[in-house]
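Please look over the model below before reading on. My notes follow as numbered points.

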Amino acid sequence: MRDVAIIGSGPAGLSSALYTTRAGFDTHVYTGESTGGLLTTTEKVDNYLGLPGIEGGAMAELFIEHAKSFGAVFVSAVVTNISIDPQGLFLVQDSSGQTNLYKAVIFSGGSKPRKLGVPGEELPGVSWCSVCDGAFYEGDEVAVIGGGESAVEEAMYMSNIASKVTLLVRGDRFRAAAPAVEQLLSRPNVAVRFNSSVERFIGEDSLVGVKLTDGTLLELYGAFEAIGQIPQSALAAPWAEISSDGFISRATVDGFFVAGDVTNPEHRQIAVAVGDGARVAMDAIKWLQMRKF
Ligand code: NDP
């Protein structure tokens, strides 16, 4: 039996791992599909104190190595089930078929990009990550769908690669903060279409255009959806209160803790996740110290 299972290896989970291992508790970090979480698909981070302009992948490496240096053990697997035995210990089952026993769980499952759910979305050329796929569209026209911070970031990134970036905003205004929007719109190859919703993506083998609900056809070869996040909270559902938007409001059983983006739709920031991971780990440490096993 180990002391703590941390589920998710984004900034929140890695920060928790640093605290629990430093406090002397045996810690397994279940990495999920990619160690480092969404951070690994972030191009540049400019708003993390003390590390201006760091590349997302490099930051993830720093976080991982820091957690490992205190003895966190990384399990490269996706957790498939969490149950509780009669003694109140947590049974964590993973995709390799293994089940391990823990005194406490810190659940930091993060969130995944929301999809539009319109026809043609499966075509090559439709993407949710410009850092991952943007380089394929060098010199092409592309669209970014959404009007929040993520859409502005995606569009900014693509404006360095594509010949033209058209932002398709379904309403009549941006949700992203004004300075970022101003900076984006100062780029000569960026255009915005407000009141524009995608009806379908067009193409046979790959994307060649987008049809809007007002009938407009746009010819383009890449489309990046940035319309919000879906929290990965399902596994926590038996042991936590989930709000109507799917984010976790609070844990409901002893020894089960929740941290990071899976709890917070508003402040999706690395600094916030790191702070939350630390705060929650401190609660978990107190709980482990007080509880007699
Ligand atoms: P948001 O929820 O902030 O924005 C989603 C955007 O997508 C809105 O413009 C919304 O339009 C639009 N949208 C939603 N559904 C559809 C749809 N079906 N069709 C077309 N458009 C749609 O999501 P983000 O991922 O941008 O950000 C989530 C949180 O993370 C926010 O709190 C944000 O501030 C934060 N964040 C911060 C960053 C930073 O500060 N560097 C970077 C990335 C995220 P509508 O307004 O009409 O609902």
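1. Start with the second largest pocket, which holds about 200 Å³ of space. A pocket is found on a 1 Å grid over the protein atoms alone: it is an open set of points where a 1.4 Å probe fits, with protein on both sides within 12 Å along at least five of seven lines. Grid points are joined across faces, edges and corners, and the volume is the space filled by probe spheres set on the points. The lining has 13 residues; L18, Y48, F63, H66 and V274 are the closest to the centre. Lining residues have an atom within 4 Å of a point.

2. Which elements give two or more residues to this lining? They are α1 (11–22), α2 (56–69) and α6 (270–290). Of these, α1 gives the most, with five residues. By type, the lining has eleven nonpolar residues, two polar and no charged. Here Ala, Val, Leu, Ile, Met, Phe, Trp, Tyr, Cys and Pro count as nonpolar, Asp, Glu, Lys and Arg as charged, and the others, Gly among them, as polar.

3. A word on the source. This is a predicted model: local features need pLDDT of at least 70, side-chain atom pairs count only at pLDDT 80 or more, and totals for chains, interfaces and linings use all residues. Residues are numbered from 1 along each chain as its sequence is written, and side-chain values use heavy atoms, with hydrogens and water left out.

4. Now the chain as a whole. It has six helices and 21 strands. These are DSSP runs numbered from the N terminus: helices are H or I with at least four residues, strands are E with at least two.

5. Next, an open sheet. Five strands form it in the order β10-β17-β11-β12-β13, with parallel pairing. Two strands pair if DSSP finds at least two bridges between them. β10 (126–127) and β13 (190–193) are the edges; each has a single partner strand, so one side of each lacks a neighbour in the sheet. Inside the order, β11 (residues 141–145) and β17 (residues 222–225) run parallel and are joined by four bridges. There, V142 stands opposite G222 in β17.

6. How many disulfides does the whole structure have? The search finds one. C129 is joined to C132, S to S 2.1 Å; the cut-off for a disulfide is a pair of cysteine sulfur atoms within 2.5 Å. The link is right-handed, with 75 degrees about the S-S bond.

7. Are the two cysteines buried or exposed? C129 is buried, at 12% relative accessibility. C132 is partly exposed, at 41%. Buried means under 20% relative accessible area, exposed over 50%, and partly exposed in between (1.4 Å probe, protein chains only).
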